[in-house]
Amino acid sequence: MLRLKGLVKQYKTGDQALKGIDLDVPDGQVMALIGPSGAGKSTLIRCVNRLVEPTNGSVRLNDQELTTLRQGDLRTARRRMGMIFQEYALVERLTVMENVLSGRLGYTGFWRSYFRKFPQADIDEAFRLLERVGLDNMVDKRADELSGGQRQRVGICRALVQDPEVLLVDEPTASLDPKTSRQIMRLICELCEERKLSAIINIHDVLLAQMFAQRIVGLQLGEIVYDGPPGGLTPDVLTQIYGEEDWESTIEQVEEEDDEELIDGGHKATSDDRQTAELSRDRTAGMT
Ligand code: ADP
């Protein structure tokens with residue numbers, strides 16, 4: 001369980017990006033964090049692994065309080081949190097395999113990592129992951145030869161080879177086309193399910209969040225304004241989070257895409273998903 005309590009972040013500029021966030025993410029739950037630009041999504045996930053230092057409050061990963069850890073212990077704790085970035089954050093001149101193995105650096109001694117000599121078990125696991133994401137024929141390619149979708153798959157493998165307990169995912173699809181975005185979201189969710197991993201996925205695309213996440217948390221100016229199932233995102237709630245827009249048509253689009261996914265037999269083909277889609281339809285119908 002990842003537990004945030006009274007999490008506050010005030011930047012030196014005076015901007016209060018998080019205004020006392022309370023949030024529990026149980027093991028195995030895939031949660032999407034949505035909200036307009038500037039809502040505090042990126043700050044929130046970065047406060048978890050302390051890429052951004054929280055001003056106040058508590059972040060607990062299972063039994064460990066993370067906000068008070070000193071550098072050495074923080075480095076060890078960060079192994080338990082895999083991060084996936086919008087711009088992939090790969091080392092361009094290194095191969096796919098080397099990029100994936102860099103996820104093991106937190107476990108490898110200084111000299112071994114300096115000479116990039118990784119234990120065979122790490123290399124085997126990296127192969128397995130690359131095979132799982134369909135990149136096993138690209139292990140020796142340089143990162144700069146890959147497409148965006150392939151790069152993000154490498155980013156996913158690098159996060160997973162750490163063997164984390166939670167994934168922190170920051171706008172994983174913002175640089176991808178719509179079809180690849182869906183493939184990447186589906187892959188992340190499937191991998192979380194297979195590995196019983198929880199994830200916080202910061203994503204601005206409501207439709208993708210609704211299609212794939214089990215739970216949606218809506219942020220607005222550093223505060224949680226919605227916390228519930230994807231089907232509960234009614235036009236009213238979406239207006240509260242994002243402001244006025246034609247949310248009826250977005251919801252209709254989600255339902256159409258839902259049906260396509262069910263036909264595809266993709267990640268969404270579960271009774272829960274069908275239920276949430278129906279719930280959303282019912283609520284929307286009740287409002288018109
Ligand atoms: P989001 O990810 O939802 O777009 P952010 O977490 O990036 O939101 O930003 C939340 C608020 O914090 C915004 O008002 C933003 O301007 C401010 N902010 C973010 N990063 C910094 C920073 N490094 N210094 C000062 N203010 C920042």
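Contact here means that heavy atoms lie within 4.5 Å of each other, and the structure shown in these close-up views is a predicted model.

**View 1. Helix α5 packs against helix α7.** Two packed helices are described by the angle between their axes and the distance between the axes. Helix α5 spans residues 120-132 and helix α7 spans residues 178-195, and their axes come within 12 Å and cross at roughly 130°.

**View 2. The residues where α5 and α7 meet.** On the side of α5, the residues in contact are E125, L129 and R132, and these meet L187, E190, L191, E194 and R195 in α7. Sorted by class, this contact of α5 with α7 holds three nonpolar and five charged residues, with no polar residue among them.

**View 3. The surroundings of E125.** E125, which lies in helix α5, touches V161 and R195 when residues up to four places away in sequence are not counted. The C-alpha atom of E125 is separated by 9.2 Å from that of L101, a residue 24 residues apart from E125 along the chain.

**View 4. The shell around the ligand.** The residues that surround the ligand are Y11, T13, D15, A17, P36, S37, G38, A39, G40, K41, S42 and T43. By class, this shell has four nonpolar, six polar and two charged residues, and helix α1, residues 41-48, gives the most to it, with three residues.

View 5. A backbone N or O atom of G38 lies 2.7 Å from an oxygen atom of the ligand, while for G40 a backbone N or O atom lies 3.0 Å from an oxygen atom of the ligand. K41 takes part through its side chain, where an N or O atom is 2.9 Å from an oxygen atom of the ligand. Taken alone, the ligand exposes 560 Å², and the protein buries 61% of that area.

Conventions
Residues are numbered from 1 along each chain as its sequence is written. This is a predicted model: local features need pLDDT of at least 70, side-chain atom pairs count only at pLDDT 80 or more; totals for chains, interfaces and linings use all residues. Side-chain values use heavy atoms; hydrogens and water are left out. Axes are lines fitted to C-alpha atoms, for helices over the stretch in contact, and angles run from 0 to 180 degrees between N-to-C directions. Helices (H or I, at least four residues) and strands (E, at least two) are DSSP runs, numbered from the N terminus. Ala, Val, Leu, Ile, Met, Phe, Trp, Tyr, Cys and Pro count as nonpolar, Asp, Glu, Lys and Arg as charged, and the others, Gly among them, as polar. A residue is near a molecule or strand if one of its heavy atoms lies within 4 Å of it. A polar contact is a pair of N or O atoms within 3.5 Å; within protein, one must be able to donate a hydrogen and the other to accept it, and residues adjacent in sequence count only if both atoms are side-chain atoms. Accessible areas come from the Shrake-Rupley method with a 1.4 Å probe; for residues, only the protein chains shown count as cover.
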